[in-house]
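Me: I'd like to go through some of the labels on this one and check each against its cut-off. Can you take me through them?

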Amino acid sequence: MAWFRASSYIGKLAIKRTLSHSGSYAIRSQIFHLRSRCFRSTVFNPKQKMSPVPRSVPLSRLADNFLDGTSSVYLEELQRAWEADPNSVDESWDNFFRNFVGQASGPAGVSGQTIQESMRLMLLVRDYQVNGHLKSKLDPLGLEEREVPDELDPAFYGFTESDLDREFFIGVWSMSGFLSENRPVQTLRSILTRLEQSYCGSIGYEFMHIEEREKCNWLREKIETPTPMQYNKERRVLILDRLMWSTKFESFLATKMKTAKRFGLEGGETLIPGMKEMFDRAADLGVECICVGMSHRGRLNVLGNVFRKPLRQIFSEFDKNSKFEDESGLYTGTGDVKYHLGTSYDRPTRGGKRIHLSLVANPSHLEAVDPVVIGKTRAKQYFSDDLDRTKNMAVLIHGDGSFAGQGVVYETLHLSALPNYTTGGTIHVVVNNQVAFTTDPRAGRSSQYCTDVAKALNAPIFHVNGDDIEAVVHVCELAAQWRQTFHSDVVVDIVCYRRFGHNEIDEPFFTQPNMYKVIQKHPSALEIYKTKLLESGEVTEEDIDRMHKKVDSILNEEFMSSKDYVQQRRDWLSTNWRGFKSPEQLSRIRNTGFGTYVIDVVVFQILGVCPDVLKMVGRAITILPEDFKPHRAVKKVYEDRAKMIETGEGLDWAMGEALAFGTLLVEGKHVRLSGQDVERGTFSHRHAIVHDQETGKIYCPLDHIMENQNDEMFTVSNSSLSEFGVLGFELGYSMENPDAIVLWEAQFGDFSNGAQVIFDQFLSSGESKWLRQTGLVVLLPHGYDGQGPEHSSARLERFLQ
């Protein structure tokens, strides 16, 4: 593969230079001054005028103006070696040279193919795989036109119309897709047709930036098949039913709650059947629990149609006079707007299984929930012994503007493969309505796509036209397959639109007049799909009317029931936290100060343990293996700690902390400490992990307190250089189960302000708004050691206000 990539680069430059000098193609350069640049699509246009193409040159007369001297000499040497012994070269080259000397059994005319033509053909195929998405038909509104990349034009490589029905040898190149269908000879026309179908339809694939060939081949097999989306009548009727529920839900709310903000999904209704198919496919592949995070756009629809939150409860939340059960002293809370609330549900799947779904509550800070969801998923994996991370999965639903613009997205993405933060891959779904509130993409990002940030992870990105429901379903299923196969992140970018203003009350014509003139006349995805199924004869008008009446009947019935619905806020509580006292109840017992919990952990934990256990733990955590060679200063630290245990005198903070952790482990409690440089500690005081100065191996004494101790029972891990993302991760981790101590430590206490959104929107108010408890411990080290005001106070006044 390396030679091919090298020759691809060299060949492109040489072709562009050679053919431009010879006048064999005409460069078309059409520049459009566009309203936005959220993606690119183009229409293939034939050449207006073709110049003669240079005659092909046989291998023996290969000139260096196509490949450089080194490459041509290499190919000549390969040919000589093959002529001497065909088994001395790779199978692909054996087939290649057999073809050129006329020994391959194939139709007449193939043997006249030269190496230049073969290389040009392979480069053309590769360019479709790399750049085909630039020609795909993504915009349901059809507002943008862009030039066809020259590399996608056969004339760029010297092919003419007379070559379309010529048969070309494409060989066995250790690739997947149609190149591996045991059809080494195909016409240029059939090759181009397949490439257009695969890469330039309603789906634009970006995956050739991925370095692992195995992953690229896996995707080629899925993409380059002649019929990637074949759904039978039963599946299509199910997809239609799910799309109808999604669409009718929004229209019903628009009719009944005309002046209410709901951040509807009109224009992006295909998200709902896409999510359902994704979850069904994930369940078939072994997923048992999915933790979801999303902002407000379409959230009510997701709650009602995917998570099956009772519709009467959703409708009652629009009523300002909604009744609440009298729960004096029991977690009454302040509540939050309906499109911020979370829920959980055990959902039956199309395949007959059940899957647990959890939607995490989220504030208006759109992407703040991302690391929380990832942390919660990691905790679920720990407490369910999901060691291969295939049973618990995270799904994040983003907006196009926030995915590109919010830094916490990048922080969260870069946790994906870190040893103590990975969850085995997250599925990211972008509801790309091509405008962020009132901001055009050209003012909201500098990159071509809003998803370009994910390329840093080598994640595949599937752009899809939101009006093509079957294409949306296909890529959602494909994303679930990718995650379960390769345990890494994947992105689905649903390019849709927003039929109304940002919150239905806004006037979108103020800022996007041209777009909304088109939207006013544009049919919904439901209308488009109904027409398609009616034309195919798979459904009748009577079938559709029957489905409409059923949905309308249920919606109206639930709406009438909502008037008498009594909400019970205690239902919002996480099951694992039942029995914990509410803030109101705690305040009647004692007034807790800011530092009490930390002192409870480090001091009271020690005071409550018998001396024999303390000594046993103390000895275990101060002994290093005999053949281990620590730094001399660290060796002295551990020797001093051993003396503290034997004499009982001079215990410092680091030793007290280690004893607290160790005794918790003895009691069977899970302990997790993370943050920037926590393994050593900012002030070089902790040294929880010791490094051998000769071999570089590491040793963690707290991992060896008991025999056969679970490797993850005590976790201490340096994090990425992030406050916002990592604190959010640890918050999510701590929310899952109270039977653990989860700690986040700032590098310096003052640096906690980099995570202020998490403090304000989740830690300080999450229990009040969403009745979600957490046992997170925050460590804010500081010291008056002349390092200036940014390293001195931990800004306690910020937390005490």
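Me: Why is K215 called buried?
Reply: K215 has a relative accessible area of 15%, and buried means under 20%, with exposed over 50% and partly exposed in between (1.4 Å probe, protein chains only). So K215 counts as buried. Bear in mind that this is a predicted model, where local features need pLDDT of at least 70, side-chain atom pairs count only at pLDDT 80 or more, and totals for chains, interfaces and linings use all residues. Residues are numbered from 1 along each chain as its sequence is written, and side-chain values use heavy atoms, with hydrogens and water left out.

Me: What makes K215 and E212 a salt bridge?
Reply: Their side chains meet at 3.8 Å, N to O. The rule asks for a side-chain nitrogen of Lys or Arg within 4 Å of a carboxyl oxygen of Asp or Glu, so the pair qualifies. E212 is partly exposed, at 36% relative accessibility.

Me: How do you know that E646 and R619 link distant parts of the chain?
Reply: The side chains of E646 and R619 meet in a salt bridge at 3.1 Å, N to O. E646 sits in helix α22 and R619 in helix α21 (residues 611–620), 27 residues apart. Helices here are DSSP runs (H or I, at least four residues), numbered from the N terminus.

Me: How do you know that the span of helix α11 agrees with its length?
Reply: The expected span is 1.5 Å times one less than the number of residues. For the 15 residues of α11 (residues 369–383) that gives 21 Å, and the end C-alpha atoms are 21 Å apart, so the two agree.

Me: What makes α11 mostly covered?
Reply: Of its 15 residues, 14 are buried. Just after α11, D385 takes a positive phi of about 55 degrees.

Me: Why is V666 called partly exposed?
Reply: V666 has a relative accessible area of 32%, so it lands in the middle class. V666 is found in helix α23 (residues 653–666).

Notes
Helices (H or I, at least four residues) and strands (E, at least two) are DSSP runs, numbered from the N terminus.
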